[in-house]
Amino acid sequence: MKWNGWGYSDSRFLFNKKGQAEFTGKRYRLSGLILPSLKDWFEGTFGANLQHKSPATPTVNLSAVAPPDLNEPFVEDLKAAGVAMSHDPEDRVFRAHGHCLHEIFALREGRIGRVPDMVVWPSCHKDVEKIVELACKHNVCLIPYGGGTSVSSALECPREETRSIVSLDTSQMLNECGYCTGHEPDSMEFSSLGGWVATRASGMKKNIYGNIEELVVHIKMVTPRGVIEKSCLGPRMSTGPDIHHFILGSEGTLGVVTEVTLKIRPIPEYQKYGSVVFPNFQQGVACLREVARQRCAPASIRLMDNEQFQFGHALKPQVSSIFTSFLDGLKKFYITKFKGFDPHHLCVATLLFEGDRGKVLQHEKQVYDIAAKFGGLAAGEDNGQRGYMLTFVIAYLRDLGMDYYVIGESFETSVPWDRVLDLCRNVKERIVRECKERGVQFPPLSTCRVTQTYDAGACVYFYFAFNYRGLSDPVHVYEQVEHAAREEILANGGSLSHHHGVGKLRKEWMKESVSSVGLGMLKSVKEYVDPQNVFGNRNLL
Amino acid sequence: AASKTPRHPVLKKRDDFEDVLEERRRSSDLRYALRCYTPTLYKGLVPCKASMLKTIVLQSDHLQYVIKQVSSESGDSTECVAEEASLILDEMAHRLQLSTIRFFAFTLSKAFKRLFRSVCVNEEGIQRLQQAVQEHPVVLLPSHRSYMDFLMMSYLLYMYDLPLPVIAAGMDFMSMKFVGEMLRMSGAFFIRRSFGGDKLYWAVFSEYVKTMLRNGYAPVEFFLEGTRSRTCKSLTPKTGLLNIVMEPFFKGALFDVNLVPVSISYERILEESLYARELLGVPKPKESTSGLLKARRVLSEDYGSMHVYFGHPVSLRSLAEGKINRSQYNLLPRYIPQKPRVDTHEFLNDAAFRLVRIQEENMVLKPWVLIATLLLQNPDGLELSFLTEQTDWLRHLALAFGAFLDWPDHEACSEVISCSLALHRHLLSVSAGHVQLNVTDAPQVETTPEEAVFHRAVVVLSCASYRNQILHVFLRPALLAVAMQSANSNRKDDVYNCFNFLRNMFSNEFILCPGDSIQDFEEACYLLMKHGVLQVLEHEIVMSASGHSTLAFLCSVLDPFLQGYQVVCRYLCEETNENLTEKDFIPAVRSFALKLILAGRLKCCEALSSDLQKNALAALLRLKAVRKVKVGDQVTLKVNKIAVNSLEDTLGKSNVNQNSWCSSMAMLK
């Protein structure tokens, strides 16, 4: 794993000597392939130049890591209990951050802030109970750690924390054979089950399997007050407010999730990608809304705007034969000339169907029929699959951008159907305007997709990136723009977060989002469960 | 508001003007009218057909919702209500046609060349507008002094290849059969003057305007002042339409709206004496085609020059920043109409005032405005040489206060003055080097004294309409000057209290942004201090030795208004009729004032102006010295005589020392 970037060390984008982009490694479909159009897209979109590099510090500067502030009696007791632990600087640095832009940017520059003083690896529920008990006894601060894929500053050590900070690593993955949970967040390769529960995660295929709150049957969590769990596995209960909902989305402020019982499903027999081209974003949104209304959404349905469609297109690998390139040309001709779609307005919905073969084909027809009513044209499996690929490699792409003065990130919201279009347009435009006002030299990439559909609305996902040459404090500019974008989202009827969570990054808006009484309720739970603030990551509240 | 830095109006930078008639005088009007017109459009949109627009409006969620609501309230079927909505829309909708525009381009070119020596436009403003049109939907907000205003606006936009606006016009035009339809085809849409509680009408109207704005088909144009100002003072803005054009932004349907204030100023107003008569109670002639034809006579007269200044586009988004919480609309579907909340209302009002202030500031003032001011202050006339001297003095004062004065640089002062006098010769008489308003000249043989007063008042009010154009420049310092006089104290607090009282009293008369009291006071202090009239110390305001003449002048600027308001107060105190109706108020005050004038107890003809009387009543109602009571279908006015009396006294105090100021003025002579 990389210490200052996303994912596996062997997998990364780079521009080779010929100036062509390629993706290294063997793990992904794109691995080892040349992406001939990425360079032009990259330079054209950001005004970036391959001559202007901003490389990262190659190795972690361990001397910059402050020596651990250990609570000796705690360490002694823990040793006696036989729990694995470490205060090696590399282990600590690795668990001191998530993947917010400012966190990665600082690491690339070799700047290291407050890091946990030690890391512990419990091996079972009993271990966790012991750790929490000792933490209470010796008053140390515990920060649960799952996959480290947070994008809400949730893993940052609070600056005001004076106690010894212990990172409690729980990264154990579910490895059942012959079944699946169906929960597939974009960070799936790296994130952990405990993390999903603690952040109210959402998966790409939630239309079939549900979001984490619908998947969970039983949770066991160790808190300073003791263990919280239900007494049975009943599929639904009327026993007052569901206590699971105190745990789901508690973001590590109440305890450590040690056991989760999830629904599992047989691995689907058949899977099929698909895509639909729409003449413009409005038509696309109208189609998705109709699909949601008829409740026939496939496992996944996403609508990318024009910019994101072009972005996806730039990731097309080198075509293997003249015939394919001829066919591509023909398709393009058909869509833009024959059907009269404006290449600067058209947008693409990507689809993923899952289930038994017959039903998938039937389902597919139903969705394509609806799309046709909104001027949508089926655009093949390939385009669909590439759309999903984008979401799995986007974080790797950010690392590439950061090598060439381009920084960016993604953020999300959920919004009622009737406001989707206005919110998308206003937020994108706000980003462009804010960048201009803050002296960003080149127009930013400001793009969105409708990434999940619900009965009552949609989840919208934004990508935002810009070329920061000429800015003295790019991360600050980035944060100001992102802040403005979030204000714009809230002003347009969007939620504070659909699945990224609040962490410390979005805490300031919590009161506005859930009302002060709502916030008071959450605070009183925290007060009861963890009066000493042992789980002191200061997220959420 | 107190913490804001004082405004420095003197530092204003304005654009240069180009005369658009110059080119018209050189080339063919016909070819010009038929030339290729390719306006820059908002995001390259193609303008939408009127019929298409109608369908969009009628099928909008908002209108459908209101139709259902009205239907369930009234018991009529929804089809029936929908039909009614469709009829309202037919009555209202514009039918913009390029051919009509071309017709106007031709005829107006001819007319403008006859009427005006020049029509000057700031081309930088046009360029800014061109930019603004492409970025966000645009709302054009011209000042309103004449019927000519919106014809001129469309004419200029056509000329500069800008998209033609759709213009909110009063229903009264519709009665002019042919002209009404012509205006409709040049982009006017018609709204009833009052439709108070008519939910359906409001829904159709607001949805129509919002649809045009949201889709960016055409800039929406309307007059913040609601109607033509008969006095050439800016009118207290109306917020109804402003609310409609702002709502799509509040509710997130638009990223931003560009509000473009436009200031249109005339060297001589076409309706000049018509307005004066109207203010004196001769009802305005109903708009009729034949009336317009009679207006042909006006074509043979010289109306000097005209200036149109396109102000900087004001971004609604930046205007609303921190003042409007847009998430207040999050919890209801946006098509359900919601009354604006108190804070939204405050914002609308504040924005409207600021926009009118921008209009005022960009209004071009001609030398005649200064002369008219001086002639009104000297009813017995002035020697030409002294007038020249005084005008020059006033010119420097006006410039020091930031007036946008169009004074020919290279000409001698006397030359400029004689030109102005010539253009306005019907208002004055010059004999043996003595200049006087044409007040004594009464050609008719058998005139009653009433008629003589009436005749004099027409001239005075016509002349006042020019002085009024510069009032906004002197207003704040003048309020301070009067306040210093009536405070009878140098203590800053006392002066401020008087200032605040006057400001409050006159806030229906002049454009005074609500809540800006402290800022206005500071601005007045700043200007007078800078001009060496006052010394403003920490707790005291002291007049400088050389400040007398300026203060005297400033006091007399407000004098007609002080006197007029006193007359209204005195009338209300002396009136014995318990059942004075609102309708009878104006004629009653008028005859009261007339009696005072005839008896020689009142010199000020401006007290006869119905505009002043209406404003005074509005102020008294606002200050709760008078109450409206509904009796049957009549509205009667209940007067709190003690309160009115005390207001009159306070106003009187402001006038007490008038004589001493005047004598110092006389000494100067």
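In chain B of this predicted model, helix α10 (residues 199-214) and helix α11 (residues 240-250) have axes that come within 9 Å and cross at roughly 50 degrees; axes here are lines fitted to C-alpha atoms, for helices over the stretch in contact, and angles run from 0 to 180 degrees between N-to-C directions. That angle makes α10(B) oblique to α11(B), since angles under 35 degrees count as roughly parallel, over 145 as roughly antiparallel, 65 to 115 as roughly perpendicular and the rest as oblique. The helices themselves are DSSP runs (H or I, at least four residues; strands are E, at least two), numbered from the N terminus. The crossing of α10(B) and α11(B) is right-handed, a term used if the near helix is turned clockwise from the far one by less than a right angle, with anticlockwise giving left-handed.

On the α10(B) side the contact is made by Trp202(B), Phe205(B), Ser206(B), Val209(B), Lys210(B), Leu213(B) and Arg214(B), and on the α11(B) side by Gly240(B), Leu241(B), Ile244(B), Val245(B), Glu247(B) and Pro248(B), where contact means heavy atoms within 4.5 Å. Sorted by class, this contact has 8 nonpolar, 2 polar and 3 charged residues (Ala, Val, Leu, Ile, Met, Phe, Trp, Tyr, Cys and Pro count as nonpolar, Asp, Glu, Lys and Arg as charged, and the others, Gly among them, as polar).

Residues are numbered from 1 along each chain as its sequence is written, while chains are lettered from A and ligands numbered from 1 in the order in which they are written. Local features need pLDDT of at least 70 and side-chain atom pairs count only at pLDDT 80 or more, whereas totals for chains, interfaces and linings use all residues, and side-chain values use heavy atoms, with hydrogens and water left out.

Another helix pair of chain B is formed by α22 (residues 548-574) and α24 (residues 610-622), which pack at an angle of about 65 degrees with their axes 10 Å apart, and that makes α22(B) roughly perpendicular to α24(B). Their crossing is right-handed, and the residues in contact include Pro560(B), Phe561(B) and Tyr565(B) of α22(B) and Leu612(B), Ala616(B) and Leu620(B) of α24(B). By class, this contact has 10 nonpolar, 3 polar and no charged residues.

The domain assignment of chain B gives domain 1 (49-265 + 291-362) and domain 2 (442-668), with bounds that come from an automatic or database domain assignment. The centres of these two domains, taken over C-alpha atoms, are separated by 34 Å, and 15 residues of domain 1 of chain B are in contact with 20 residues of domain 2 of chain B. Between them an area of about 1,400 Å² is buried, of which carbon and sulfur atoms give 54%; buried area is the accessible area (1.4 Å probe) that two parts lose on being put together, summed over both. Of the area that domain 1 of chain B buries against domain 2 of chain B, Lys233(B), Phe353(B) and Arg357(B) supply 43%, more than any other three residues.

Chain A is assigned domain 1 (66-174), domain 2 (181-265) and domain 3 (270-392). The centres of domain 2 of chain A and domain 3 of chain A lie 33 Å apart, taken over C-alpha atoms, and 9 residues of domain 2 of chain A are in contact with 12 residues of domain 3 of chain A.
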